[in-house]
Amino acid sequence: MITAQKIGLRYDGGPEVINDASFHLEEGSFHYLTGPSGSGKTSLMRMLHVGKLPSRGVMRIFGSDITAASRGERAKIRRKIGVIFQNYRLLPHLSVFDNIALPLRLADAPEPKIKQAVTDIVEWIGLGDNLKSKPVFLSGGQQQRAAIARAVITKPKFLLADEPTGNLDDAMGLRIMALFEELNRSGTAIVLATHNEAMIDRFPHPVLKIKDGALIST
Amino acid sequence: MSLSSSTVIPSSTFRHISIMVFFMASLMGFCAFGLISVTSIISGWTNDITDTITIEIPAFDNTNKTILSDKDIQSQTQYVIDLIENDPAIINLKSYRPDASEMIDDRFNIPAPVFLTLYLHENRANNTEQRIAKSIKKSVPNAIIKTPTEWIKNIQSTATTLYFVFIGLMICVLIVTGVVVAGVVRTQLVASKETIQLIHLCGASASRITNLFQSVIIKTVIKGCIPSLIIIAFIITPLAAYLQFDGSLLLYWLSLPMIIILFIVLSAIVTLMTVTNALRDMP
């Protein structure tokens, strides 16, 4: 589903922050992405959600070479990818409902379907009482859950999560991991960036380790 | 429901654009009225004099030294009339002689001149005026013959200058509008950078993001244009009645919707260029 061959990434002609990374992610796979701060995790994730293009090498996502693909094709690829950002990136002027519904609205889904999907996910994730609230009135954990709901509401083919349980208590962290496992079982490939060794032990999956921009093991 | 513009752009953002468009559309409306007024007035003036020749039989001979008698003036006038009255290029001939009391030079006891106005066929040969003038001058050398060619040239040159002034003003209005729209859109792109990046990552294409901006801008432009054109209509209607405008007023009313369309197209293009340029860095 995703193949990278000796990809490199540099910002504005600076040094390479990712160098010669090669990997293959199967459909329905689950990987952790670990590495120290500044090792290139975020840069690799940016390429995985087509927020950045590799400076060199070939990266294929859903069969398309993302460097050669048109902007329209890349937009279509991104629609199949769910992303949970470490800093949530909720839109402050929209309600929780509208934030979560955003990817469905971008896909021009009918409003009843959007309503049903948002209601289902927020009940499950425990945000049912906060649908009309603006993100600023939510706690860090609630914002993280809203960001998770937004990323998974389209049942993406590929989910990227950057420290998705970092601000959650243990019980909610386990629920979220259970949600990811369930999504994974239904065919969604997942790459989850984390420092949480306990979680890796509890939900064992292959680990992509990155250090100084190089992928050192899987 | 698809993604609405308010997701990206707060509704109040472009309110001041409406006010700017209101003034700019008003200026455009008045410029268009000016343009059509000049056309109408000039065509009225030229139509009145284009097909005429004026001949003056003065009270002096061709040396300007000898004062002619009233009888001489009458006989010269009759001679000219006899000479040209059967000319096929002439439709009508009118003569006019002011009363002696109307003449400035009455105190010197100079006879009043005679003025003949010749009305020519619209479809005449090109050199008709010159031919008639030449034949009159040959027989009555002191006759003063005036064709409207020079007048018309002067009027048309003034009209051309006025056209350029109005068209220049209209172009300036459009340029200013375009620059302001581009500036506001660029500012909003910076202010909404996080939002745009997010919806881009969620799968919105560049054209989708551009459309979101365009729809807000177009609504804003319409909101500014319509009241402005209503106010213009209220001002122009009595003004046109006072100026006794003819059919050209219809052309003016038809030009008003064109102003709205022009502003919409301009704003849409400027927005497209600005947003596309800003999204260049996003893959």
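User: What covers the buried residues of helix 4 of chain A?

Analyst: The cover includes helix 3 (96–106), helix 5 (140–152) and helix 6 (170–185) of chain A. Contact here means heavy atoms within 4.5 Å. Helices (H or I, at least four residues) and strands (E, at least two) are DSSP runs, numbered from the N terminus. A word on the ground rules: this is a predicted model, where local features need pLDDT of at least 70 and side-chain atom pairs count only at pLDDT 80 or more, while totals for chains, interfaces and linings use all residues. Residues are numbered from 1 along each chain as its sequence is written, chains are lettered from A and ligands numbered from 1 in the order in which they are written, and side-chain values use heavy atoms, with hydrogens and water left out.

User: Thanks! Which residues in helix 4 of chain A are buried?

Analyst: First the general idea: an α-helix has 3.6 residues a turn, so residues three or four places apart point the same way. In this helix, the buried ones are A:Ile114, A:Val118, A:Ile121, A:Val122 and A:Ile125. Their arc around the axis is only 95 degrees, which puts them on the same side of helix 4 of chain A. That arc is taken from the directions from the helix axis to the C-beta atoms. As for the words, buried means under 20% relative accessible area, exposed over 50%, and partly exposed in between (1.4 Å probe, protein chains only).

User: Which residues are exposed on the other side of helix 4 of chain A?

Analyst: There you find A:Pro112, A:Lys113, A:Lys115 and A:Glu123.

User: How many Å apart are the end C-alpha atoms of helix 4 of chain A?

Analyst: The expected span of a helix is 1.5 Å times one less than its number of residues. Helix 4 of chain A (residues 111–125) has 15 residues, so it should span 21 Å, and its end C-alpha atoms are 21 Å apart, which agrees.

User: Which residue other than glycine has a positive phi near 65 degrees?

Analyst: That is A:Tyr88, in the loop between strand 6 (81–84) and helix 3 of chain A. A:Tyr88 is buried, with a relative accessible area of 11%. A:Asp12, also not a glycine, has a positive phi of about 50 degrees. A:Asp12 sits in the loop between strand 1 (2–10) and strand 2 of chain A and is exposed, at 83% relative accessible area.

User: Let's turn to charges. How many salt bridges does the structure hold over all chains?

Analyst: In general, side chains of opposite charge can pair when their charged atoms come close. A salt bridge is a side-chain nitrogen of Lys or Arg within 4 Å of a carboxyl oxygen of Asp or Glu. Over all chains, this structure holds ten. One of them joins A:Glu111 and A:Arg105 (2.8 Å, N to O). A:Glu111 is partly exposed at 25% relative accessibility, whereas A:Arg105 is buried at 7%.

User: Which residue meets A:Asp108 in a salt bridge?

Analyst: The partner is B:Arg208, at 2.9 Å from N to O. This pair crosses between chains, from helix 6 of chain B to the loop between helix 3 and helix 4 of chain A, where A:Asp108 lies. B:Arg208 counts as buried, at 18% relative accessibility, and A:Asp108 is partly exposed, at 47%.

User: And which residue forms a salt bridge with B:Asp70?

Analyst: B:Arg97 does, with the closest N and O atoms 2.5 Å apart. B:Asp70 lies in helix 2 (residues 70–84) of chain B and B:Arg97 in the loop between strand 2 (90–96) and strand 3 (114–120) of chain B, so the pair ties together parts 27 residues apart in sequence. Salt bridges that share partners also join A:Glu16, A:Asp20 and A:Arg56 into one network.

User: One last feature. Which residues make a nonpolar surface patch of about 630 Å²?

Analyst: Patches are made of residues with over 30% relative accessible area and no salt bridge: like charges are joined within 9 Å, nonpolar side chains (Val, Leu, Ile, Met, Phe, Trp, Tyr) within 5 Å. Accessible areas come from the Shrake-Rupley method with a 1.4 Å probe, and for residues only the protein chains shown count as cover. Here the patch is made by B:Phe30, B:Ile222, B:Ile226, B:Ile230, B:Ile231, B:Phe234 and B:Ile235. Helix 6 (residues 206–242) of chain B gives the most, with six residues. B:Ile235 is in that helix and is partly exposed, with a relative accessible area of 40%.
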